[in-house]
Amino acid sequence: MRFLFVICFIFLSVGLQAQQRGKARDFGVRIGVLPTGKTNSIADVKGVTVGHTTLSSGKGVRTGVTAIIPHGGNLFQE
């Protein structure tokens, strides 16, 4: 039980540190030459479809999947 507590504490502290640091864009770092979209997400790209689902099982058990389809054409040939 103590081991589980330590692992949870480590993950929580790493997550909080990442939130406090901010994003590269907050510090003036610009990646790429194109401007960001309206919502600054992959869904801003024309033709890209993004879907996700979360599955719950019992108490506190959650898992999920995200699918990104880059365009409506043949994904194996284009």
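Biologist: How many helices and strands does the protein have?
Modeller: The secondary structure comes to 1 helix and 2 strands. Along the sequence, the pattern reads α-β-β. One thing to keep in mind is that this is a predicted model.

Biologist: What about contacts between residues that are at least 24 apart in sequence?
Modeller: Those make up 8% of the contacts between residues at least 6 apart in sequence.

Biologist: Can we pick one residue to look at? Where is Thr49 found?
Modeller: Thr49 is in strand β1. Leaving aside neighbours within four places in sequence, Thr49 is in contact with Ala67, Ile68 and Ile69.

Biologist: How far apart are Thr49 and Ala67?
Modeller: Their C-alpha atoms are 8.2 Å apart in space, and the two residues are 18 apart in sequence.

Biologist: Why does Thr49 count as partly exposed?
Modeller: Thr49 has 45% relative accessibility, so it counts as partly exposed. The partly exposed class runs between the buried cut-off of 20% and the exposed cut-off of 50%.

Biologist: Got it. Now His71, where is that one found?
Modeller: His71 sits in the segment after β2, which spans 62-69. With a relative accessibility of 24%, His71 counts as partly exposed.

Biologist: Which residues is His71 in contact with, leaving aside its neighbours within four places in sequence?
Modeller: That would be Gly47 and Glu78. There is also a polar atom of the His71 side chain that lies 2.9 Å from the backbone nitrogen of Gly73.

Biologist: And how far is His71 from Lys46, C-alpha to C-alpha?
Modeller: The separation is 8.5 Å, for two residues that are 25 apart along the chain.

Biologist: Let's do pockets. What volume does the largest pocket have?
Modeller: The volume is about 190 Å³. Its lining residues are Leu34, Pro35, Thr36, Gly37, Asn40, Ser41, Ile42, Asp44 and Val45.

Biologist: How many of the lining residues are nonpolar, polar and charged?
Modeller: By class, the lining has 4 nonpolar, 4 polar and 1 charged residues.

Biologist: Is Asn40 buried, exposed or partly exposed?
Modeller: Asn40 counts as partly exposed, because its relative accessibility is 42%.

Notes. Residues numbered from 1 in each chain as written. Predicted model: local features only at pLDDT ≥ 70, side-chain atom pairs only at ≥ 80, totals over all residues. Heavy atoms only, no water. 1 Å grid on protein atoms, 1.4 Å probe; cavity = no way out; pocket = protein on both sides within 12 Å on 5 of 7 lines; lining within 4 Å. Points joined across faces, edges and corners; volume = space filled by probe spheres on them. Nonpolar A, V, L, I, M, F, W, Y, C, P; charged D, E, K, R; others polar. Helix = DSSP H or I, 4+ residues; strand = E, 2+ residues; numbered from the N terminus. Buried < 20%, exposed > 50% of the residue type's maximum accessible area, 1.4 Å probe, protein only. Contact = heavy atoms within 4.5 Å. Polar contact = N/O pair within 3.5 Å; in protein donor to acceptor, adjacent residues only side chain to side chain.
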